[in-house]
Amino acid sequence: MRKYLFMIPLFFHSIFHGQQSKKLLPCYDLTDVLKVEPTPLYKQHLDASKSFNVKLLKTTSTVQKYINSGKFHSIKRSGKGYKVQKLDYSRAWMVSKGKATLEKIGAKFSKATKGHTFTVSSITRTLEDQCRLRRVNSNASLGISSHNYGNSFDISYVRFNGVLKSNPKMEAALEKVLKYYADAGQIYYIKERQQSCFHVTVRNY
């Protein structure tokens, strides 16, 4: 009887540590991620991201390292002209130029629309965040994203003033502001149809 009682804790010990080791494994294969070739349009976003001397963000600890060093700056939940929605698959941190540019875009949009706000739907993501996102959204990027470097964010073009609803007038006003900063050499942006957002990457201007 004593022999069996001794074996039971060993059995649960091996299960527990087996589960722990599974949790420690990344949910993505970095080799597969790196194999995905970006489109020519998206390559300029990645090139801009790499110019900030931020290494590919793989895990929470890599993000924390840049926070601790002062390289990443916290993004407020709301500011002039914008609100940040609850972020389940990204983090409200960016390089200083990313934060400043978001604030400039928000202020210019607010002025152009007499006080309206747009919604930021995604900011900085690690490869682990991206992997979790793909589990619920098959349209999420399979390869490296400019979100993985701390200088990109998404702005919904179907959610203004906190209301989820198509608003062509506000959408046009938002794109006009984005075009202004793109023409000034400060950002790149792509209109993503499936995600109903503008993907914005801040350049190291």
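## Close-up views of a predicted model

**View 1. Helix α5 meets helix α7.** The axes of helix α5 (residues 96-113) and helix α7 (residues 168-183) come within 10 Å and cross at roughly 135°. That angle makes α5 oblique to α7. Angles under 35 degrees count as roughly parallel, over 145 as roughly antiparallel, 65 to 115 as roughly perpendicular and the rest as oblique. The axes are lines fitted to C-alpha atoms, for helices over the stretch in contact, and angles run from 0 to 180 degrees between N-to-C directions. Helices (H or I, at least four residues) and strands (E, at least two) are DSSP runs, numbered from the N terminus.

This is a predicted model, where local features need pLDDT of at least 70, side-chain atom pairs count only at pLDDT 80 or more, and totals for chains, interfaces and linings use all residues. Residues are numbered from 1 along each chain as its sequence is written, and side-chain values use heavy atoms, with hydrogens and water left out.

**View 2. The residues between α5 and α7.** α5 passes α7 in a right-handed crossing. A crossing is right-handed if the near helix is turned clockwise from the far one by less than a right angle, and left-handed if anticlockwise. From α5, the residues K104, I105, K108, F109 and T113 take part. They meet M170, A173, L174, V177, L178, Y180 and Y181 of α7. By class, this contact has 9 nonpolar, 1 polar and 2 charged residues. Ala, Val, Leu, Ile, Met, Phe, Trp, Tyr, Cys and Pro count as nonpolar, Asp, Glu, Lys and Arg as charged, and the others, Gly among them, as polar. Contact means heavy atoms within 4.5 Å.

T113 sits in α5. T113 counts as buried, at 8% relative accessibility. Buried means under 20% relative accessible area, exposed over 50%, and partly exposed in between (1.4 Å probe, protein chains only). Neighbours within four places in sequence aside, T113 is in contact with M170 and A173.

**View 3. The largest nonpolar core.** This core has 32 residues. Those with the most contacts inside it are I105, F118 and F153. Two or more residues come from each of α4 (60-68), β3 (82-84), β4 (93-95), α5, β5 (118-122), β6 (152-160), α7 and β9 (197-202). α7 gives the most, with 6 residues. Apart from this core lies another, of 7 residues, among them Y42, L46, L127 and I190. A nonpolar core is a set of buried Ala, Val, Leu, Ile, Met, Phe, Trp, Tyr and Cys residues joined through side-chain atoms within 4.5 Å. In soluble globular proteins, nonpolar side chains tend to be buried together.

**View 4. The surroundings of F153.** F153 lies in strand β6. F153 is buried, with a relative accessible area of 0%. Residues up to four places away in sequence are not counted here; beyond them, F153 touches M94, G98, L102, I105, V120, S122, I123, H147, F198, H199, V200 and V202. F153 and S122 are 31 residues apart in sequence, yet 5.5 Å apart in space, C-alpha to C-alpha.

**View 5. H45 in helix α3.** H45 belongs to helix α3. At 0% relative accessibility, H45 is buried. H45 touches S146, Y188, Y189, I190, H199 and T201, again without residues up to four places away in sequence. H45 and V200 are 155 residues apart in sequence and 8.5 Å apart in space, C-alpha to C-alpha.

**View 6. Two loop residues with positive phi.** N53 lies in the loop between α3 (40-50) and α4. Phi of N53 is near 60°, a positive value in a residue other than glycine. N53 counts as exposed, at 64% relative accessibility. K114 is in the loop between α5 and β5. Phi of K114 is also positive, near 60°. K114 is exposed, with a relative accessible area of 80%. Most residues other than glycine have a negative phi.

View 7. A100 is in helix α5. A100 is partly exposed, with a relative accessible area of 33%. A100 and I75 are 25 residues apart in sequence and 9.6 Å apart in space, C-alpha to C-alpha. The protein comes to 7 helices and 9 strands. Of its 205 residues, 40% are buried. Among contacts between residues at least 6 apart in sequence, 68% join residues at least 24 apart.
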